[in-house]
Amino acid sequence: MKAAVLFESKKPMQIAELDQSEPKTGEVRVKMSAAGICASDHHVMTGDNPTLMPIVLGHEGAGVVETVGPGVSSVKVGDRCVLSFVPNCGHCRSCRTGLSNICDTNRLTGTRQYDGTFRLRTPDGTEVHQFAKLGVFAESIVVPQQACYPIPDDVPMDVAALIGCSVATGVGGVINQPNMRAGMTVAVIGTGGVGLNALQGARLMNASKVIAVDIFDHKLEFAYKFGATHIINSKEQDPVYAIQEMTDGGVDFAFDTFGHKITTEQAYKATRKGGTTVVVGLAPDGMTAEIPLVELVRNQKTLVGSYYGSASPHETFGKLLEFYRQGRIDVGGLVTRKYKLHEINEAYDALDRGEDGRGVIIFN
Ligand SMILES: [Zn+2]
Ligand SMILES: [Zn+2]
C-alpha cells in the first residue's frame, strides 16, 4: 500500500510503501477515491502545529469500504463514504452531550486507533501515525467504522471528500450558530477552502451583507461565486474600518477562518455591539490574541470557537448532502486543481502560494 509519509517537518512528504494490518473489531478498510488539500495538514508540515511522526497526513477524504472487521454494523463492503476526521467514541462526556465533534476519547487517542495501536508500519517495522485516525494521503486506510458516512451514488467522490472537512467546517460553522437569523450581516476573514464555505453558509442563512476579506485580489474575485456581496483587500485598506463603514458600526457575525492573532483581532473589532465573533481557523500552537476586556463587557459581545462545524459531523454531513443535491451549495466549483498522489508536494506548494479554490488528490 502506497502512502505519502511525513518523516520530518519542513521536508517534503515521501511516497513510501507501507505495511497495513487488517481492520480490528469495529474497524474497516477504505479504498481511497479522493483527498482534499487542506491547510491543517500544511500546518503540520511547516511545524506550526507539531504532531508525532512519521505520519500519513490528510483528513479530508472519501472512499469505498473494501473490508470490514469483526462487529462492524454501520457500513458494509461497497459503501461509498464521506470520511469524518473525528470518528467519535459515542460514550464520553462530549459525545453524550451532543458534541461528538470534540469527542474526548478521540482527542486522547489522537493519531492511533482506539485501542492505542497502529495499523501502519514502514518495511523496517517503524510504526506510522494516521492524522486524525485517517491519513487519507494513502491508497487505502484502516479506520473506525464511525469515520464512515455512507452517501448516495449521485454524489461525486471529490465533492464527498470536501464535505468531510472544508464544507462541514465552513458551512457548518455558520449554519450551526444558534443565534444566526435571516437578514444579519456577516464578515468572513480568509477565503481559502473553509472561508469560501463560510460565505456559502452565510448565503444559505439569507445574510443581508456577506463581506469577504483576504489579501489576494484573485481569491476575493473567486469569493463572489460563493456568496460574497462585498469584498475587502486587507492589504489595501483597514478591514475593521471598512466593515464598520459598510455595516453602520460592525457585523452581527464575524468569522476568522484563517486563524491568527491578526485576523482574530480584526474579526473581533469588526463585530457590532451584541454581535458574535467566531474563530474557525487554527492558529499556530501557543499563539494568543488581545481582546479588550472592557469593550467585551460594555458592548456585550460573544467570542466563540467553532470546531468541525460546531456539531455532530454526521448530522452536518446529512444536511450538506441535501443542500448539495438540491443545488443550494456549490462544492464541485471549489475544486480548481486535481493531482495524483505522487504530486502531493506540488499540491501543497500551490496552497502555500495562495492559489484560489481547492486542490484534490484523485486516486485510481
Ligand atoms: Zn481540513
Ligand atoms: Zn466521545
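Mentor: Start with β6 and strand β7, residues 80-83, which pair in the antiparallel sense over three bridges. Keep in mind that this is a predicted model. Across that pairing, valine 64 stands opposite arginine 80 in β7. Now turn to the pairing of β6 with β4. Strand β4 covers residues 27-36 and strand β6 covers residues 61-68. They too run antiparallel, over seven bridges. Here valine 64 of β6 is the bridge partner of lysine 31.

Next, the domains. The protein is divided into domain 1, residues 2-166 plus 311-362, and domain 2, residues 177-305. Their C-alpha centres lie 28 Å apart. The contact takes 18 residues from domain 1 and 16 residues from domain 2. On the side of domain 1 that touches domain 2, the largest share comes from α1, with three residues. By class, that side has six nonpolar, seven polar and five charged residues.

Helix α1 also has a helix partner. Two packed helices are described by the angle between their axes and the distance between the axes. For α1, residues 39-46, against α11, residues 344-352, the angle is about 100° and the axes are 11 Å apart. That makes α1 roughly perpendicular to α11. From α1, the contact uses Ala39, His42 and Met45. From α11, Tyr348, Leu351 and Asp352 take part. Sorted by class, the contact has four nonpolar residues, one polar and one charged.

Last, compare the pairing sense in another sheet. Strands of a sheet pair through backbone hydrogen bonds, either parallel or antiparallel. An open sheet of six strands uses parallel pairing, in the order β14-β13-β12-β15-β16-β17. The edges are β14 (230-233) and β17 (302-305), each with a single partner strand, so one side of each is left without a neighbour in the sheet. Neighbouring strands of this sheet are turned by 15° against each other on average, direction ignored.

Notes: Residues are numbered from 1 along each chain as its sequence is written. Chains are lettered from A and ligands numbered from 1 in the order in which they are written. This is a predicted model: local features need pLDDT of at least 70, side-chain atom pairs count only at pLDDT 80 or more; totals for chains, interfaces and linings use all residues. Axes are lines fitted to C-alpha atoms, for helices over the stretch in contact, and angles run from 0 to 180 degrees between N-to-C directions. Helices (H or I, at least four residues) and strands (E, at least two) are DSSP runs, numbered from the N terminus. Angles under 35 degrees count as roughly parallel, over 145 as roughly antiparallel, 65 to 115 as roughly perpendicular and the rest as oblique. Two residues are in contact if their C-beta atoms, placed from the backbone, lie within 7 Å. Ala, Val, Leu, Ile, Met, Phe, Trp, Tyr, Cys and Pro count as nonpolar, Asp, Glu, Lys and Arg as charged, and the others, Gly among them, as polar. Two strands pair if DSSP finds at least two bridges between them. Domain bounds come from an automatic or database domain assignment.
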